[in-house]
Amino acid sequence: MSNILNRFNEQADEQFDELNSTSEKYLTFLIDKQFYAFHINDVVEIIEMMEITPVPEFPDYAKGIINLRGILIPIIDVRLRFSKNEMDYNERTCIIILNLKGIQVGFIVDTVDEVIDIDKANISGVPKISDTKTRKYIEGVGKLTNKIVMLVNAQKMLNDEEIKGLESMSGMEADDIAQYK
């Protein structure tokens, strides 16, 4: 796990602002043995699983909040968001922190794979026969030599109403939460 985190951090330190008009960078991860990817521009960091504090009346797919270096981050289980079966977390399970419309949100994934370049010519549309619940989050399909990757539009993982509901909590310093108790 730490090897994946180190590789990601090393690659994140490189100059990503060198634009290559023929390819895009994605962080790949697994959910239920299927490869998915977030565009690297949405990724803030990858962290190991940590204690999640449940929040009353959060939807089932929203597991609660974490205190990450003094900042509260809402946590979404991608398996549940994609209407997959819930799974026990293990040593490979991790949280990808994304920037969604200006707020940081954590997404639990089975495991992180790697940062890859996908040539735009190898990205096709989403098949219309796919599951409509998951399809609304998928913006394309990346075809690589040895795998197929579903490209997730991170900005659509939560709708505007859900984002507004999280804005009041996301980024709040952990000490500030005491005023709500």
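This is a predicted model: local features need pLDDT of at least 70, side-chain atom pairs count only at pLDDT 80 or more; totals for chains, interfaces and linings use all residues.
1. Strand β5 (residues 71-77) pairs with β7 in the parallel sense, over three bridges. Ile75 stands opposite Gly106 in β7, and Ile76 has Phe107 of β7 as its bridge partner.

2. A second pairing involves strand β6 (residues 94-100), which joins β7 in the antiparallel sense over seven bridges. Here Leu98 stands opposite Val105 of β7. The hairpin of β6 and β7 has two residues between the strands, and Lys101 takes a positive phi near 50° in that hairpin.

3. What is the strand order of the open sheet? Its five strands run β3-β6-β7-β5-β4, and the pairing is mixed. The edges are taken by β3 (43-48) and β4 (62-68); each has a single partner strand, so one side of each is left without a neighbour in the sheet. From one strand to the next, the twist averages 30°.

4. Is strand β7 largely enclosed or largely open? Six of the seven residues of β7 (residues 103-109) are buried, so the strand is largely enclosed by the rest of the structure. The cut-off for buried is under 20% relative accessible area. In the sheet order, β7 sits between β6 and β5. Helix α4 (residues 160-167) also lies across β5, β6 and β7, and runs at about 110° to β7.

5. Strand β8 (residues 111-119) contains Thr111. This residue, Thr111, has a relative accessible area of 8% and is buried. Which side chain does the side chain of Thr111 contact? The partner in this polar contact is the side chain of Arg92, at 3.1 Å.

6. Asp113 is also placed in strand β8. The side chains of Asp113 and Lys147 are joined by a polar contact of 2.6 Å. For Asp113 and Tyr36, the C-alpha to C-alpha separation is 9.4 Å in space, while the two residues are 77 residues apart in sequence.

Definitions and conventions
Residues are numbered from 1 along each chain as its sequence is written. Side-chain values use heavy atoms; hydrogens and water are left out. Buried means under 20% relative accessible area, exposed over 50%, partly exposed in between (1.4 Å probe, protein chains only). Helices (H or I, at least four residues) and strands (E, at least two) are DSSP runs, numbered from the N terminus. Two strands pair if DSSP finds at least two bridges between them. A polar contact is a pair of N or O atoms within 3.5 Å; within protein, one must be able to donate a hydrogen and the other to accept it, and residues adjacent in sequence count only if both atoms are side-chain atoms. Axes are lines fitted to C-alpha atoms, for helices over the stretch in contact, and angles run from 0 to 180 degrees between N-to-C directions. Contact means heavy atoms within 4.5 Å.
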